Amino acid sequence: MGRSVKRSMWTHTAQRSRRARRPYPVRTVITRSQGNTSCFQRLPAEVFHMILDRLSGWLFKRCTLLLPTEDRLTLISSTFSQMPCFKLEECTAAGCLGFYGYGVFLKTMISGWDEVEWHRVFNFLCSFTNLLPKIKMAVTGTPGVSCSLELQLRLFCRQVLVDPLDWLDPWPGKDTLFWLTRILKPWPMVLQARLLFILYGPLMPDGTLAWQGIVEREMSQGALWQMAGVIVLLYRNLDHLKDWTTDTMQTILEELIVFPEVWHMENVARLFVLCGNTVCYSFLANKLHNGQLLEVSRLIVHIILVCEKNGYSMNWVVKMVHQVCQGFNTSERFAFIQRLEDMFSEVTMELIEIVTAGNHHEDMGPFQTLRSLLQSRAHFHAKFLLHMFLQNE
């Protein structure tokens, strides 16, 4: 009898518990045949903004799984366009993470899609944001005049499209390569070079692009590291790129290092040192093939100087010079070495004139550069002679 009462009480409690849960609404799934509206479209804007802030793109991906790609993109962009932090030239707050959040959300949503779908995403975003006309305005205008637009394009292209998930990786991969080449492809090579500088060029302390800084003063390794990284990325993948060849990259590099004016020579040398042997040798060999021996000699002297200043192994330069010499016959090789020695002397005299021309008690840079050049010359010669001696054994 006691067991029967307990069973009856438990059954009554369970039924009451079930009845208590009935007021919660039953969720329904809307299929494509029932309509193309997403559940997000029926949410108040405040709630949708909270979801974007709190949850990842996976929720959106799941909830819009049955919608066509175009509808999903339209829904994202139309919602994001209501918030200034997600729009080009709308948010002026320093350090705003709006574009980065937009990029992570977008890349999470399209994760696993094929390149055909990526093309659709890129074309849609270009149309929706008016991206290409804005890029044209930046790359054809006077450098630095539209500094706000330049920085907005840098942030949008990199944080939304190119590298929102790979920004800590100095040598990013396939995804980054795809978005970068889509951004560069519509433009002639001279404008591609300018666009690369806008996207990856060094910045001044005030956050603007160092258009004049790259020309007038020596830049640090860190300032040029991202530029070198993206150049290496393109070089490494030339076999997989339809619209880029070694000659294409040669032209882009030549345009890059003379805009807006000829760069400070140490910046050119430091960029090639950071790019490594493949890029550097390819560039030098092409110039030698075109008879530009003077330019090659000056660049090599400054590469030697940069290696001395930044502590890179002089063996690397020696091996590269030896590699360059392999393309010459004996008389040409002798002429090249002689030209290189003459260039050492010319650059040394230029620095001596700068040092003796003014008062450098406060700015010791020219004197220190002269000192480094003399040291680098001695170290290079010692390593070069040793290398040649070992080659002949």
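Phe178 counts as buried, because its relative accessibility is 6%, under the 20% cut-off. Its partner in an aromatic pair is Trp179. This is a predicted model.

**Aromatic rings**
- The structure holds 13 aromatic pairs.
- One of them joins Phe178 and Trp179 in an edge-to-face arrangement. The ring centres lie 5.0 Å apart, and the planes stand at 85 degrees.
- Trp179 has 1% relative accessibility, so Trp179 counts as buried too.
- Elsewhere, ring pairs connect Phe197, Trp211, Phe259 and Trp263 as a cluster.

**Helix H4**
- Helix H4 runs over residues 69–80 and has 12 residues.
- From first C-alpha to last, H4 reaches 17 Å. That is close to the 16 Å expected at 1.5 Å a residue.
- The buried residues of H4 are Thr69, Arg72, Leu73, Leu75, Ile76, Ser77, Thr79 and Phe80.

**Largest pocket**
- The largest pocket holds about 760 Å³ of space.
- It is lined by 27 residues. Closest to the centre are Gly95, Cys96, Leu151, Leu155 and Gln159.
- Helix H5 (98–109) and helix H8 (147–162) are the elements that give two or more residues to this lining.
- H8 supplies the largest share of the lining, with 7 residues.
- By residue type, the lining of the largest pocket divides into 13 nonpolar, 8 polar and 6 charged residues.

Notes. Residues are numbered from 1 along each chain as its sequence is written. This is a predicted model: local features need pLDDT of at least 70, side-chain atom pairs count only at pLDDT 80 or more; totals for chains, interfaces and linings use all residues. Side-chain values use heavy atoms; hydrogens and water are left out. Rings of Phe, Tyr and Trp (its six-membered ring) pair if their centres lie within 6.5 Å; planes under 30 degrees apart count as stacked, over 60 as edge-to-face and the rest as tilted. Buried means under 20% relative accessible area, exposed over 50%, partly exposed in between (1.4 Å probe, protein chains only). Helices (H or I, at least four residues) and strands (E, at least two) are DSSP runs, numbered from the N terminus. The expected span of a helix is 1.5 Å times one less than its number of residues. On a 1 Å grid over the protein atoms alone, a cavity is a set of points where a 1.4 Å probe fits but cannot get out, and a pocket is an open set with protein on both sides within 12 Å along at least five of seven lines; lining residues have an atom within 4 Å of a point. Grid points are joined across faces, edges and corners, and a volume is the space filled by probe spheres set on the points. Ala, Val, Leu, Ile, Met, Phe, Trp, Tyr, Cys and Pro count as nonpolar, Asp, Glu, Lys and Arg as charged, and the others, Gly among them, as polar.
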